Every structure is written in C-alpha cells, then in structure tokens.
Amino acid sequence: MNLIFLGPPGAGKGTAAARVAEEFGMPHISTGDLFRAAIKNETELGLQVKAITEKGDLVPDSLTIELVNDRLKDGDAANGFILDGFPRTIPQAEALETASKITRVLNFKLDDEEIIERLSGRRVCRSCGKGYHVHFMPPKKPGICDVCGGELYTRKDDSIESIKNRLSVYAEQTEPLIEFYRSRDLLSDVDAKPSAERVFDSLKAMLEAL
Ligand code: AP5
Ligand code: MG
C-alpha cells in the first residue's frame, strides 16, 4: 500500500500515521519531520528551511520533491509507505505521480476551531519525536515523554500567528489536491474529529478493506 495522508495542519495525520505504520509495518514518511530533523542537525537543507517552516510557509517544491524522491529510494519504502504532509501542492502531486503509484489518499477533515485547539496544546518529545496534547493526550508526567523520558517542547510553528498562516497556506495551496485525487478516484474522506483511538480504528477498517 502506497498511502498519502492529506489534511490541514493539526488534523492528526502524524498521530494516526505513526499508529498505522506500526500496525501495517510500513515506513511513516513525514516531510515536516524530515525538515525538523535537518534543522536540528544544522544541515545545509536545515539552514535553508528553518525560517520558512517556523513561519508556516511552504518550502519550495524543488527542495521538497528532491527530499521525498531520495527518501522513497530507501529499501524500506519498496513494499509500501505512508506519506504524511506530502504532496502539498499540485506540482508536488504531479512529481509524485511520475515516481510512484498511489494506492489511496486519506483526506483528514477537521474544522478550524478544533485545529487551533489541537495545535495550541500540542507538545512533542525533543528526543524521540512522539506527539502529545496537554488535554487530549497528556503525558504521565507533565513535560516528560512517557516513552523515552525526553523533554517535551512546543513547536515554533504552533504559535497562533503561524497556525493562522498555515491554515491559509493550506486553503490556497493544498486544498486543490482534494479535487486532484478525487478526480483520479483515489480519495477517501476521514472524519478526524473523534478520539485518536477511534480515528485509528476507522482507518484500519478502511485499509483492511482495500
Ligand atoms: P508538518 O510537520 O507536516 O505540519 P502540518 O501539516 O502543519 O501538520 P501537523 O504536523 O501540524 O499536524 P498533524 O496533522 O500531523 O497533527 P498531529 O498528529 O501532530 O509541516 C511543518 C512545516 O514543514 C510546514 O508548515 C512547511 O513549512 C514544511 N513542509 C512540510 N511538508 C511540506 C511540503 N510537502 N511542501 C512544502 N513544505 C512542507 O496532531 C496535532 C495535535 O492534536 C497533537 O497534540 C495530537 O496529540 C492531537 N491529536 C491528534 N489526533 C487527535 C484526536 N483524534 N483527538 C484529539 N487530539 C488529537
Ligand atoms: Mg504532523
């Protein structure tokens, strides 16, 4: 299965992708995570994308497409993958079409009010990357990762200013992908509003029926 998780910021794509990847034994490829790792490691790519990602703008297509094409060449992606946060523009989707055959696109749907609540309460582990929410998915000890004991932090782009920018960038540049994939008969809508457990159960059922 070659899957795309599409949807607005904070809809729960990363949370669901981590669970589905574990359940079905396939790599979870998040372009946001790849950019954050490059920033943390202060690579050339990291230096190029730091300011762009913190503001919530999109990284240029050329850089993003190259990053994903390289990642998809890794052996673990040969028998299936989950792309989380890619493609996000029509040129990215067109480039992907020439590189891979997509099985299904899961379109996460959530309203803006809920998105803002999810993003403003998000915390992420600095060491292992696991995501939490101060109300919806709190860690056992505040500020500490349950899995590895790492420190939890708030992403720079989870400021209210960046969240608003990300929502308008999504509406302008990414939402057109819904029609792009619907017209190819590849799209399935996912109600992202229920609990993470219920969203996972419905995704699992959808994927087992493919
Ligand atoms: P990226 O990291 O992909 O950010 P995003 O798309 O804005 O998505 P998020 O990671 O914020 O949300 P999510 O849907 O994964 O939600 P999560 O599961 O964490 O990209 C970051 C930046 O990188 C971009 O702005 C851009 O600059 C750049 N970039 C990345 N890809 C690019 C591309 N293709 N082209 C160009 N630039 C690119 O959940 C959110 C919160 O809600 C968490 O706290 C979680 O615990 C909680 N939660 C999750 N599910 C539930 C639930 N069901 N109920 C209650 N709470 C829940
Ligand atoms: Mg994410």
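Trainee: Which residues of helix α3 are buried?
Mentor: This is a predicted model. In α3, residues 44-55, the buried ones are L45, G46, V49 and T53.

Trainee: What makes them "buried"?
Mentor: Buried means under 20% relative accessible area. L45, G46, V49 and T53 are buried, so each falls under that cut-off.

Trainee: What covers the buried residues of α3?
Mentor: The cover includes α2 (31-40) and α4 (61-72).

Trainee: What comes just after α3?
Mentor: G56, with a positive phi of about 90°.

Trainee: Now the sheet. What is the order of its three strands?
Mentor: The order is β6-β5-β7, in an open sheet with antiparallel pairing.

Trainee: Why are β6 and β7 called edge strands?
Mentor: Strands β6 (131-133) and β7 (152-153) each pair on one side only.

Trainee: How do you know that β5 and β6 pair?
Mentor: Count the bridges. Pairing needs at least two. Strand β5 (residues 122-125) and β6 have three, in the antiparallel sense, so they count as paired. One bridge partner of note: R122 has H133 in β6.

Trainee: Which helix packs on the sheet?
Mentor: Helix α6 (residues 112-120) does, touching β5 and β6. The direction of α6 makes about 40° with that of β5.

Notes. Residues are numbered from 1 along each chain as its sequence is written. Chains are lettered from A and ligands numbered from 1 in the order in which they are written. This is a predicted model: local features need pLDDT of at least 70, side-chain atom pairs count only at pLDDT 80 or more; totals for chains, interfaces and linings use all residues. Side-chain values use heavy atoms; hydrogens and water are left out. Buried means under 20% relative accessible area, exposed over 50%, partly exposed in between (1.4 Å probe, protein chains only). Helices (H or I, at least four residues) and strands (E, at least two) are DSSP runs, numbered from the N terminus. Contact means heavy atoms within 4.5 Å. Axes are lines fitted to C-alpha atoms, for helices over the stretch in contact, and angles run from 0 to 180 degrees between N-to-C directions.
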